[in-house]
Structures are given as structure tokens and as C-alpha cells.
Amino acid sequence: MKGTKIYSIFTGTCPVCHSASMYKSGSLYNPYETLSMNDRCPHCDTKFKIEPSFFYGAMYVSYGVGVAIGVAAFIIAYIFIGLDRFYTFLTIVAALIVLLPVILRLSRNIWINFFLTFDKEKATID
């Protein structure tokens with residue numbers, strides 16, 4: 001899987017070398033560290049914030065990811081489990097609140113992978 005955008009998106013590694021994490025901390029549920037990113041990749045020196053306010057575009061991606069999670073929660077709660085509409089709504093809200101840090105990081109990972117691609121030469125630098 002290494003060398004694909006899917007690998008970088010789901011692991012949170014540098015989209016260019018896939019060797020180092022883009023985030024300073026692996027802690028998702030610490031509100032002070034969820035979106036704390038390295039300025040550059042410690043392995044290949046790729047700059048993550050390509051321009052000021054670069055990750056504002058990730059908001060659009062997070063909307064889509066949130067809708068997908070909401071639809072999945074609806075299908076599981078309403079169709080498979082058989083909850084009524086009120087409890088299905090509560091299930092969707094709970095899923096979105098609990099998975100908010102995951103949605104935030106995942107949307108940033110997807111957004112940066114639109115603009116940066118894997119480079120095999122930079123991946124082998126030591």
C-alpha cells in the first residue's frame with residue numbers, strides 16, 4: 001500500500017515520502033493536539049502548509065466526510081438495528097461528535113493529497 005494516496009490519507013503520513021507523520025502528536029482526542037501539524041516533513045523536508053490558509057479547503061472535504069459518516073450511521077441505526085427516527089437522529093449526532101477529530105484529520109489528509117504526490121526518490125532518502 002505504501003506509495004498510494006490511500007496509504008497517506010489513512011495513516012496521516014507525509015504525502016511525498018510516506019515515512020513521517022504530518023502531525024506532532026498521535027493523540028486524536030486531545031483538543032490542543034488534534035490539528036497540531038509539523039511545518040515540514042522531518043524526513044524529506046516537504047512543506048505541509050503550501051500557502052497561508054491552505055487548509056481552509058479541507059472544510060469542504062470535511063463536509064463530505066461528515067455527510068458520509070452521517071449516512072452510514074443512519075443506515076446502521078435505522079435500517080439494520082431498527083431504531084425509530086428520534087433515536088436514529090441521536091445516533092447520527094453522537095457518531096459525528098465522537099468522530100469529529102477523525103473527520104478533521106482525515107479531511108486534512110485528503111486535502112493535502114490533492115496537491116502533493118508520492119516521490120519514490122524522496123522516500124528512500126536517509
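**Figure 1. The largest pocket of the predicted model.** The largest pocket has a volume of about 190 Å³ in this predicted model. Its lining is made of 14 residues, and those closest to the centre of the pocket are I9, F10, G12, R105 and N109. Two helices, α1 (5–11) and α4 (100–115), each supply at least two residues of the lining. The largest share comes from α4, which gives five residues. Sorted by type, the lining residues of this pocket are seven nonpolar, six polar and one charged.

**Figure 2. Helix α4 from end to end.** Helix α4 has 16 residues, and at 1.5 Å a residue it should span 22 Å.

**Figure 3. The largest nonpolar core.** In soluble globular proteins, nonpolar side chains tend to be buried together. The largest nonpolar core of this model has 21 residues. Within this core, the residues with the most contacts are C14, C41, F48 and I112. Helices α2 and α4 are the elements that give two or more residues to the core. The largest share, four residues, comes from α4.

**Figure 4. The surroundings of I112.** Leaving aside residues up to four places away in sequence, I112 touches P15, M22, F48, F54 and F55.

Figure 5. D45 lies in the loop between α1 and α2. Its phi is positive, about 65°, although D45 is not a glycine. D45 has a relative accessibility of 49%, so it counts as partly exposed; the class of exposed residues begins over 50%. S53 also has its place in the loop between α1 and α2. Phi of S53 is near 60°, again a positive value in a residue other than glycine. With a relative accessible area of 46%, S53 is partly exposed.

Methods: Residues are numbered from 1 along each chain as its sequence is written. This is a predicted model: local features need pLDDT of at least 70, side-chain atom pairs count only at pLDDT 80 or more; totals for chains, interfaces and linings use all residues. Side-chain values use heavy atoms; hydrogens and water are left out. On a 1 Å grid over the protein atoms alone, a cavity is a set of points where a 1.4 Å probe fits but cannot get out, and a pocket is an open set with protein on both sides within 12 Å along at least five of seven lines; lining residues have an atom within 4 Å of a point. Grid points are joined across faces, edges and corners, and a volume is the space filled by probe spheres set on the points. Ala, Val, Leu, Ile, Met, Phe, Trp, Tyr, Cys and Pro count as nonpolar, Asp, Glu, Lys and Arg as charged, and the others, Gly among them, as polar. The expected span of a helix is 1.5 Å times one less than its number of residues. A nonpolar core is a set of buried Ala, Val, Leu, Ile, Met, Phe, Trp, Tyr and Cys residues joined through side-chain atoms within 4.5 Å. Buried means under 20% relative accessible area, exposed over 50%, partly exposed in between (1.4 Å probe, protein chains only). Contact means heavy atoms within 4.5 Å.
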